[in-house]
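Open the structure in your viewer and keep the selection tool ready. This tour goes stop by stop.

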Amino acid sequence: MRRPGAPRASGAARTASVALLATALAGCGVLPSVPGPVPEDVVPTGGTASAPPSLDPRGAQALSPDGFDTVQRMAVRIRNVGCDGLSTGSGFAVDEHTLITNRHVVADSESLEVSTYDGRDLEVAAAGSASLADLALVRTADPLPSHPTLARADPEPGDAVTVVGYPEGGRLTVTAGEVIGPTTDPLHENLGEVLLTDAPVEPGSSGSAALDADGRVIGVVYAKTSDDRSLLVPVSTLERVLDDADGFQPLPPCDQPTAQPSDQPTAQPTEQPTEQTPPPSR
């Protein structure tokens, strides 16, 4: 949902959704399954970002000389050990023991594995998914190194955006671009409008934090288009779900079937499958 006063989607942004081809970013952790097949995930490509924003360990706005160390600290790699194989995605901390990622990143998982920028593995305590948006919340038993602050409002078209995540499940990558504007969700996974940007992402980027010039979270990457634009769940939607006591529900067991849509959208989530294993015989 867009906040009051947030810009309406431009004709160009709405038209762009027709050609969207989104891939879902897969995640990892000890969690039950989520609706739909595990899609391919999205991550920043080889684009470069100049002076990406950074965050101090307690989440206060700050810019370090290289703007990289503190950004590394808030991003995590998520590995989904799922019912049908393995996949990877990204996520970011919102407090000392809470991560945000995408619903499709943790979908159909038997367990989730979370690792930090310095290679530490964190124990996952619990996880849940949202019904109103492609968002998931993961609780960790171990403390997270750092977390950013959330922006007070959705960004405007033309605002700078930086994406921080683990494309292809590899090293942490930072890319930059601009916000194009709000648009309708081609995947029909989110209530209300989503944001379209030209910041490059690739499979594995799903769940990455999208930051403004001050290092505040303005959205969560969940897919990309056929013309290499990225789609974000806006921060207004993230805040709405976080403020709702029932915003996140426990994931269903891995062997519990989930409802599938009768028709497939022209765009679909992207996730990065790292290994595929045949489903168990019945």
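Here buried means under 20% relative accessible area, exposed means over 50%, and partly exposed is in between (1.4 Å probe, protein chains only). At 47% relative accessibility, Asp228 counts as partly exposed. This is a predicted model, where local features need pLDDT of at least 70, side-chain atom pairs count only at pLDDT 80 or more, and totals for chains, interfaces and linings use all residues. Residues are numbered from 1 along each chain as its sequence is written, and side-chain values use heavy atoms, with hydrogens and water left out.

**Stop 1**

Asp228 sits in the loop between β14 and β15. Strands (E, at least two residues) and helices (H or I, at least four) are DSSP runs, numbered from the N terminus. Check the backbone of Asp228: phi is positive, about 65°, although Asp228 is not a glycine. Most residues other than glycine have a negative phi.

Lys224 forms a salt bridge with Asp228, and the closest N and O atoms are 3.6 Å apart. A salt bridge is a side-chain nitrogen of Lys or Arg within 4 Å of a carboxyl oxygen of Asp or Glu. Lys224 counts as buried, at 12% relative accessibility.

Select Glu202 next. The side chains of Lys224 and Glu202 meet in a salt bridge (2.9 Å, N to O). Lys224 lies in strand β14 and Glu202 in the loop between β12 and β13, so the pair ties together parts that are 22 residues apart in sequence. Is Glu202 buried or exposed? Glu202 is buried, and so is Lys224. Show the three side chains together: Glu202, Lys224 and Asp228 are linked in a network of salt bridges.

**Stop 2: Glu189 and Arg103**

How many salt bridges are there by this rule? The count comes to eight. For another of them, select Glu189 and Arg103. Their closest N and O atoms are 2.3 Å apart. This pair links distant parts of the chain, 86 residues apart: Glu189 is in the loop between β11 and β12, while Arg103 is in helix α3 (residues 103-106). Glu189 is partly exposed, with a relative accessible area of 27%. Arg103 is buried, at 7%.

**Stop 3: the largest nonpolar core**

Go inside. A nonpolar core is a set of buried Ala, Val, Leu, Ile, Met, Phe, Trp, Tyr and Cys residues joined through side-chain atoms within 4.5 Å. The largest one has 28 residues. Which of them touch the most other members? Select Phe92, Ile100, Leu135, Val164, Val220, Tyr222 and Phe248. Several elements give two or more residues to this core, among them α2 (69-74), β4 (85-95), β15 (230-234) and α4 (235-243). β14 gives the most, with four residues. In soluble globular proteins, nonpolar side chains tend to be buried together.

**Stop 4**

- Val217 is in strand β14 and is buried, with a relative accessible area of 0%. The C-alpha atoms of Val217 and Ala153 are separated by 9.8 Å, and the two residues are 64 residues apart along the chain.
- Val94 is in strand β4 and is buried, at 19%. Thr149 is 55 residues away along the chain, with 7.3 Å between the C-alpha atoms of Val94 and Thr149.
- Val76 is in strand β3 (residues 75-82) and is buried, at 1%. Val76 and Leu99 are 23 residues apart in sequence and 8.5 Å apart in space, C-alpha to C-alpha.

**Stop 5: Glu168**

Back to a loop. Glu168 lies between β10 and β11 (173-183). What is the phi of Glu168? Phi is positive, about 60°, although Glu168 is not a glycine. Glu168 is partly exposed, with a relative accessible area of 41%.

**Stop 6: Glu156**

Finish with Glu156, in the loop between β9 (136-140) and β10 (160-165). Glu156 is partly exposed, with a relative accessible area of 39%.
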